[in-house]
Protein chains: 2
Amino acid sequence: MSEPLRIALAGLGTVGGGVIRLIETNADLIARRAERRIEIVAVAARDRSKDRGVDLSRYAWEDDMTAMAARPDVDVVVELVGGSDGPALTLARNTLAAGKDLVTANKAMIAHHGLELAALAEKADAALKFEAAVAGGIPVIKSLKEGMAANDIKRVYGILNGTCNYILSTMEDTGRDFADVLAEAQAKGYAEADPTFDIDGIDAAHKLAILSSVAFGTRMDFKSVTTRGIRRLLAADIAQADVLGYYIRLIGMADTEVDASGQRRLVQRVQPHLVHRDHPLAHVDGATNAVVAEGNFVGRLLFQGAGAGDGPTASAVVADLIDIARGDIGAPFSIPVAELGEAPAAETGDRIGSAYIRFNVADRPGALAEITAAMRDAGVSIESLIQKGTPGLAAGDADTVLVHMVTHDGPESAIGRAMALLCDSPCLTEPPVVLPILDE
Amino acid sequence: MSEPLRIALAGLGTVGGGVIRLIETNADLIARRAERRIEIVAVAARDRSKDRGVDLSRYAWEDDMTAMAARPDVDVVVELVGGSDGPALTLARNTLAAGKDLVTANKAMIAHHGLELAALAEKADAALKFEAAVAGGIPVIKSLKEGMAANDIKRVYGILNGTCNYILSTMEDTGRDFADVLAEAQAKGYAEADPTFDIDGIDAAHKLAILSSVAFGTRMDFKSVTTRGIRRLLAADIAQADVLGYYIRLIGMADTEVDASGQRRLVQRVQPHLVHRDHPLAHVDGATNAVVAEGNFVGRLLFQGAGAGDGPTASAVVADLIDIARGDIGAPFSIPVAELGEAPAAETGDRIGSAYIRFNVADRPGALAEITAAMRDAGVSIESLIQKGTPGLAAGDADTVLVHMVTHDGPESAIGRAMALLCDSPCLTEPPVVLPILDE
């Protein structure tokens, strides 16, 4: 058996503790699969005195975590500190500049600085691996880079944020409204005290930008991800979707199209969708994540599992370490950084699809006429329109009734025009909620 | 860019044609991901004159496919001939003995001779890869070996035969009986003229033996897989399962247990199960395959996609070729052959579970009393018992009525005892059908 792979671990939160427990618990089987032992040499975190339920006395303690990169007894640095910049980024840069391998679970850092870090890694012939940054324990980065490597991947999408999925499936099961379920999730520790990153879709957008670069072999472009979260969803939306045969899920969607000049363009969006109950994503409940990828030979693959938590995330981190121990380094984004393609954002107006729209309508004569006239004038064809009985009951406002609409397939630009026509309407008490319907 | 990887292709059926089309269509992106081109050098098949819809004139033709292993211009042989022995096995042995890499989609050969071939491969420091042998385009071998490498895998199971799943989901959708749906599937080319391997579960058993060796790091043991197919299922079973909230799926199940002496033992079975409609496998329809694997840190992962067909299978074959091109060889069964553990078959009598049992009962007084007495005497606790109205209607025999039973959780041995008590009973017109209920 070869020499052990010696690692330094920065960040001893939930995931860091999980990585230590995993490496200790499964040490022998890891050594068999990696054909080397994986040994933790040094650890670092902000607070040395905190009790983490694991025995750290066997490992050297580094007060300055960025110094880990310089330790001669370390082959790989595992960065579990978090944050797109700050000490995590400094540590990452130092590690790769020192020619050591880096494994990270940090989606924000990879989404913002992944290309710079990948270039550093290539220059140093070091590994940069981030399986744990997307969809927790699901080996989706590996599956896209290697398992689907023979395919031109056309589209990749999925449920990328467990907190949102937990909230949506709880709203579904209980009929309760968003704020109420969020508060409960926070009390139980399923949602952060500041839930913005999760519920506004930013966390899913980080993951989506990473997935699309790996899947399409294009330069990561986090800025172009349009992001809408789940704050504005009502129990009434979920109930209405259910009547229509759909569930509501926050979907990160990356799609490719080729424009008139032959240039490949990307659509990258995070937003709640209506998902038909026959679609495999409809049955993904609770904090589970799932990713669908479509290749030109393999067709549609689905990968599903726990999207967060210490065990699943540690599983992905250590899988990366085993790959490194086996000498499987590979290009971080599936092909070398210099060969990653440009893929500007697509014009989305011509994309064809159907949508669900919910209007909060002032309860007075002529409101429906105004809405339907705007649809007609914008060229939106209505498949169904439902106005539910009692004002205020669902909307929480006695002067408001909810109107739910489903459109026929049509260009997105038409819905945009209709919304523009209605934007100053005194009929509407707040802007409409537009949710695309996921195609089969 | 390095030298091209030069391959020889034996077998030009559906999958062989797919591999050629894939390598030609996606040549550039494969070269980017593999950092080398993959080039077909030579091909072989039984019949040279057959039109396969691909242009073979660019490739050398070998009349004797086993001679491909000796060609100095070939790095990798792709074996798509099929059959556990015969020319496929000769070619595989010759290839590895010559120190060349072997990629195969041949589940029967791997299930029967995989350990011998893996030992040959290790001796020659050559690759033996068989992603396409299990679950078509789904990268499940890679996911078990690498994506879940950090985990002690406790259980792996799934829907491994697309033909059976197509038949069962069509029976479900149409209410038609097995023979009728099978005949239609044969007419449409979804089932073979001789469907034995598929519908009797042998194909799934080959795949299960391979999955369990890779997942558990144990020596493959195809002989110990107990196998029951779907021939005896009736539309009435599917209808009754539906009433109870279940779908019927043919499941290959590999589970581990540790006996009193600390020896790990395996349960490997292919048989139809009742799957609760909340379980992700319940919604796997048509020819789709899906595999669930449970690890001690990652929890439950699900992998789903097309289980057969030229495109998906070619996708898996070429993914293996790209791994080889990248220098990622690895142990065929996740750890070296010499280190694979022994795992004798478990005694299953103490396993706890519930089951659905269907009795074909002669329509005469006392039959139910005899069945229920046998259950009581054997210690089987009955959760529900349904005798459906009209004799003959569902059973196709005017003197027979169907009795459907669901048991409470209990040891398997109790059900075995009850069946033994009833085996000579004149009350039963044929042996009962016992289907385990998959736990959540």
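In chain A, strand S2 (residues 38-44) is mostly covered, with six of its seven residues buried. This is a predicted model. Strand S1 (residues 5-10) of chain A pairs with S2(A) in the parallel sense, over six bridges. Within S2(A), A:Ala42 is the residue that stands opposite A:Ala8. S2(A) also pairs with strand S3 (residues 60-61) of chain A, again in the parallel sense, here over two bridges. A:Ala42 has a bridge partner in S3(A) as well, namely A:Ala60.

Strands of a sheet pair through backbone hydrogen bonds, and the pairing is either parallel or antiparallel. In chain B, four strands form an open sheet in the order S15-S16-S14-S18, with antiparallel pairing. Strand S15 (382-387) and strand S18 (428-436) of chain B stand at the edges and have a single partner strand each, so one side of each is left without a neighbour in the sheet. On average, neighbouring strands of this sheet are turned by 15° against each other, direction ignored.

S15(B) and S16(B) are antiparallel and pair over five bridges; B:Ile382 has B:Thr407 as its bridge partner in S16(B). S16(B) is in turn joined to S14(B) by seven bridges, and these two strands run antiparallel. Here B:Ala362 is bridged to B:Thr400 of S16(B). Strand S14 (residues 355-362) of chain B is then joined to S18(B) by six bridges, also in the antiparallel sense, and the bridge partner of B:Ala355 in S18(B) is B:Pro436.

How many of the eight residues of S16(B) are buried? Eight of the eight are, so S16(B) is largely enclosed by the rest of the structure. In a regular strand the side chains alternate between the two faces of the sheet. Both faces of S16(B) are covered. On one side the buried residues are B:Thr400, B:Leu402, B:His404 and B:Val406, and on the other they are B:Val401, B:Val403, B:Met405 and B:Thr407. Helix H13 (residues 412-422) of chain B lies across S14, strand S16 (400-407) and S18 of that chain, and runs at about 5° to S14(B).

Elsewhere in chain B, B:Asn161 sits in the loop between strand S7 (153-159) and helix H6 (162-174). B:Asn161 counts as buried because its relative accessibility is 4%. Its side chain reaches the backbone nitrogen of B:Cys164 at 2.8 Å. Apart from neighbours within four places in sequence, the residues in contact with B:Asn161 are B:Asp198, B:Asp203, B:Ala204, B:Lys207 and B:Asn289.

Aromatic rings give another set of links. A pair of such rings is described by the distance of the centres and the angle of the planes. Over all chains the count comes to five aromatic pairs. One of them is the edge-to-face pair of A:Tyr166 and A:Tyr190, at 4.7 Å centre to centre and with 80° between the planes. A:Tyr166 lies in helix H6 (residues 162-174) of chain A, and A:Tyr190 in the loop between helix H7 (178-188) and helix H8 (196-199) of chain A, so the pair ties together parts that are 24 residues apart in sequence. A:Tyr166 counts as buried, at 13% relative accessibility, whereas A:Tyr190 counts as partly exposed, at 45%.

In chain B, B:Phe130 and B:Phe333 form a tilted pair, 5.1 Å centre to centre and with 40° between the planes. This pair links distant parts of the chain, 203 residues apart. B:Phe130 belongs to the loop between strand S6 (128-129) and helix H5 (140-147), and B:Phe333 to the loop between helix H11 (310-325) and strand S13 (352-353). Both B:Phe130 and B:Phe333 are buried.

The last topic is the interface. The size of an interface is often given as the accessible area lost when the parts come together. Chain A and chain B bury about 4,000 Å² between them, with 56% of it on carbon and sulfur atoms. B:Arg33, B:Ala150 and B:Phe297 supply 19% of the area that chain B buries against chain A, more than any other three residues. In terms of contacts, 50 residues of chain B meet 50 residues of chain A.

Key
Residues numbered from 1 in each chain as written. Chains lettered and ligands numbered in written order. Predicted model: local features only at pLDDT ≥ 70, side-chain atom pairs only at ≥ 80, totals over all residues. Heavy atoms only, no water. Phe/Tyr/Trp six-rings, centres within 6.5 Å; stacked < 30°, edge-to-face > 60°. Buried < 20%, exposed > 50% of the residue type's maximum accessible area, 1.4 Å probe, protein only. Polar contact = N/O pair within 3.5 Å; in protein donor to acceptor, adjacent residues only side chain to side chain. Contact = heavy atoms within 4.5 Å. Pairing = 2+ DSSP bridges. Axes fitted to C-alpha atoms, helices over the stretch in contact; angles between N-to-C directions. Buried area = accessible area lost by both parts, 1.4 Å probe.
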